[in-house]
Amino acid sequence: MDFQIGLVIAGLAVGFIVGLTGVGGGSLMTPILLYFGISPTTAVGTDLLYAAFTKAGGIFVHNKKGNINWKITGWLTLGSVPAALVTLWILHSIKTDIETVNRVIKYSLGWALLFTSVAIIFKKKLLVFSQKHAGDKFHSESTTQNMLTIAIGVLLGATVTLTSIGAGALGTVTLFFLYPLLPTPRLVGTEIAHAVPLTLVAGIGHASMGNLDLGLLGQLLMGSLPGIYMGSMLSGKVPDQFLRNAIAVMLFLAGYKLIF
């Protein structure tokens, strides 16, 4: 792909927002790539590897701070990676009709954006609700909890592979319900640790089907890596609630436009 300064700036902006708020990676990047005229299949495939590379550094930082529950990460991965492989197989099976694949991904992306925007807006209320029910049966029985964690992994694996979004915002919110007493930093760190192998497997799968543009990936990383650093440095100095609500509104409008 020819060099476009706009893509580098897009990577910088998205990286800055992710570093500042912890949300908005794939949710913002994939619609931006569609705006630049990138096909849905290439946008998703490239964004998955983009997410894997950008979040890989997060594992090192969160693990050093003790913010990763590797047991929960393992149960999630047990559901998500097989689900990702099955989703990739389905996409590969219908590859003869690329227009149909693009249409399916476009509408799936739209709905995923709508659900993500709602999850971001009601994140704190959902956390309070889940903490009130922390003594419920499915929270206290470890076997049931593990099975539900695997089920969440399956849902995330299919959604992320199809749309490249959901590993962050949707994953963290769903974990709130199963692990309401786990501190938020550990929930975020655990989901990041889970997101890296999932996006890597899904990204490599898409790349094997030709849904990857290395030039595009390089330009995005050129902007996002310094952007994440700058955003992380300013994290906590800008009203978090205002930024999250603004991101949620943008995601809702983007999802609505893709569907309708």
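Which helix does Ser 117 lie in? This residue belongs to helix 5, which covers residues 98–121. As you look around, keep in mind that the model is a predicted one.

Let us stay with Ser 117 for a moment. Its relative accessibility is 1%, and because buried means under 20%, Ser 117 counts as buried. Setting aside the neighbours within four places in sequence, Ser 117 is in contact with Ala 248, Leu 251 and Phe 252.

From here we can turn to the nonpolar interior. In soluble globular proteins, nonpolar side chains tend to be buried together. In this model, the largest nonpolar core has 23 residues, and Leu 33 and Tyr 50 have the most contacts inside it. Two or more residues of this core come from each of these elements: helix 1 (5–21), helix 2 (25–35), helix 3 (40–64), helix 5, helix 11 (214–234) and helix 12 (240–259). Leu 33 itself, leaving aside neighbours within four places in sequence, is in contact with Leu 7, Ile 38, Ala 43, Leu 216 and Leu 220. Another core, of 13 residues, lies apart from the largest one and includes Ile 72, Ile 152, Leu 178 and Tyr 179.

Finally, follow helix 3 to where it meets helix 10 (residues 184–208). Their axes come within 7 Å and cross at roughly 140 degrees. The crossing of helix 3 with helix 10 is left-handed. What kinds of residues make up the contact of helix 3 with helix 10? There are 16 nonpolar residues, eight polar and one charged.

How values were computed
Residues numbered from 1 in each chain as written. Predicted model: local features only at pLDDT ≥ 70, side-chain atom pairs only at ≥ 80, totals over all residues. Heavy atoms only, no water. Helix = DSSP H or I, 4+ residues; strand = E, 2+ residues; numbered from the N terminus. Buried < 20%, exposed > 50% of the residue type's maximum accessible area, 1.4 Å probe, protein only. Contact = heavy atoms within 4.5 Å. Core = buried A, V, L, I, M, F, W, Y, C linked by side-chain atoms within 4.5 Å. Axes fitted to C-alpha atoms, helices over the stretch in contact; angles between N-to-C directions. Left-handed = near helix turned anticlockwise from the far one by under 90°. Nonpolar A, V, L, I, M, F, W, Y, C, P; charged D, E, K, R; others polar.
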